[in-house]
Amino acid sequence: GAAQTIETHGPYQHGAGFPAVNGLTPLTPYSPNIPTSLGPSTLMGPAFPGVFASEFGCSVFSSFESMAPTLDPVHWGMHGGAPPDSCVGVFANTCVGNNTMAQRNYPCDNTILTYFGALANWNASGAAAFQAQLYLCMLGQALEMKSDIEGRRSTNEWGTVTWQLNEIWPTGGWGSVEYGTVDFTRGQVTGGRWKPLQYWMAARLYRDVAVLCGGDGRCVIKNDNPLAPLAGVASFAAVHLATGAVTPVASLPVSLPAGAGAAQWTCWNGGNGTACASPATVLTAAGCAAAGTDCVLVTNVSVAGTPVADNIILATIPGALTLPANPAPTLAIGTLASGAVPLTLTTTATAMFVHLTTASSGRFSDNSFCMFGAASRSLTFLPTDAASFDPDLFATTLRVEHLAQYWPAVGA
């Protein structure tokens, strides 16, 4: 019979928009794929035809804490605070000039343009501008890879490997974890800081149980655990960004055998996954704008009242969301105990894509999450080496970022 493709390689979303040793110069956006395009409602599991994705990725910068210490402050900006180099070539360009960011591999202009829109000043530099640019860049990578991974998991894909785990220097690379060599390079932490994408993969994208929803109104609940069936409840609700108010949309029982590839199809508003209402119809029925600028869909799968999977579904790009301008996040820091530092984060209004960063080595129990309305959230910081943890360094370098802090303040 005809040969069957069982392995795929790529694609790779390269950064572009600024002359650099890698990446094309034109400032060209790409499809944001929001909401995600899901695959056909076909049978899944090892008994059915499928593929293995050996690698694919999206280029990205690292945090201000990683990038800034290796640059002179006059170059704190994604365009280097200097005239652009003259770069010619195809994949590995030859660049003539003195712009330090031309040597930082892939730029990030097209990713920011795709998910947020045009910046008021693409050449802005300084600590505040660089922090905003790097936050938007890393969030953009997470959004691109989220839609890609969710689309793959909605098909019979046997395995999914992302390119790549960690950076090999503080640059515009492909990693979901920053460069982690501390002995020679200022600003780095042992093991590397987790970027938003790494937290998203750990929290939901690469969990055995996942709930995925697409732009045609369909959703699929997956159980890839080969050892245990799944019996629980899936819920869908619209959250109003201005107030944090929750409007229930649907609830349905979930019953799946052990995986891998066990799947149950439904819709944003329930049902058996056929003749689904459009996202616009579901949103307007919940009192939201049809375009989804003022609401997001939240999904949850629970077993005996305990959440086992969740997701936040955007109907439009984050740059089009209408958000409270100042959620005023405050952070209470506890004392290290049992290898963890307890934290309590409080907001007065909706804060989207809250991300915490510090100069201390370690990771947060969760990060790059959304808080709706006036809310409080408990989490922990897990030092790489609790014995050498410096509470003063942690407290004085801890930063809390969120979308409204940078957008549309740095936008057009």
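**Figure 1. Arginine 153 is buried in this predicted model, at a relative accessible area of 10%.** The cut-off for buried is under 20%. Arginine 153 forms a salt bridge with aspartate 224, and the closest N and O atoms are 2.6 Å apart. Helix H3 (residues 127–153) holds arginine 153, while aspartate 224 sits in the loop between strand S7 (218–223) and strand S8 (230–240), so the pair ties together parts 71 residues apart in sequence. Aspartate 224 has 21% relative accessibility and therefore counts as partly exposed. Lysine 222 also forms a salt bridge with aspartate 224, with 3.9 Å between the closest N and O atoms. Lysine 222 is buried, its relative accessible area being 4%.

**Figure 2. Glutamate 65 and arginine 399 meet side chain to side chain in a salt bridge.** The N to O distance is 2.6 Å. Glutamate 65 belongs to helix H1 (residues 64–67) and arginine 399 to strand S19 (residues 399–401), so this pair links parts that are 334 residues apart in sequence. Glutamate 65 is buried at 13% relative accessibility. Arginine 399 is buried too, with a relative accessible area of 16%. The count for the model comes to 12 salt bridges.

**Figure 3. The largest cavity holds about 110 Å³ of space.** Of its 18 lining residues, Arg193, Trp194, Leu356, Thr357 and Phe364 are the closest to the centre. H4, strand S15 (351–357) and strand S16 (362–364) each give two or more residues to the lining of the largest cavity. By class, this lining has seven nonpolar, seven polar and four charged residues. The whole structure has three cavities of 30 Å³ or more.

**Figure 4. The second largest cavity has a volume of about 70 Å³.** It is lined by 13 residues, of which Arg204, Leu205, Ala210, Val211 and Asp310 are the closest to its centre. Two or more lining residues come from each of H4, strand S6 (209–213) and strand S12 (306–313). The lining of the second largest cavity divides into eight nonpolar residues, one polar and four charged.

**Figure 5. Ile6, Phe52, Trp158 and Val161 make a nonpolar surface patch.** The patch covers about 360 Å². Valine 161 lies in the loop between strand S5 (157–160) and helix H4 (196–205). Its relative accessibility is 35%, so valine 161 counts as partly exposed.

Conventions
Residues numbered from 1 in each chain as written. Predicted model: local features only at pLDDT ≥ 70, side-chain atom pairs only at ≥ 80, totals over all residues. Heavy atoms only, no water. Patch = residues over 30% accessible without salt bridge, like charges linked within 9 Å, V, L, I, M, F, W, Y side chains within 5 Å. Areas by Shrake-Rupley, 256 points an atom, 1.4 Å probe, with all protein chains shown as cover. Salt bridge = Lys/Arg side-chain N within 4 Å of Asp/Glu carboxyl O. Helix = DSSP H or I, 4+ residues; strand = E, 2+ residues; numbered from the N terminus. Buried < 20%, exposed > 50% of the residue type's maximum accessible area, 1.4 Å probe, protein only. 1 Å grid on protein atoms, 1.4 Å probe; cavity = no way out; pocket = protein on both sides within 12 Å on 5 of 7 lines; lining within 4 Å. Points joined across faces, edges and corners; volume = space filled by probe spheres on them. Nonpolar A, V, L, I, M, F, W, Y, C, P; charged D, E, K, R; others polar.
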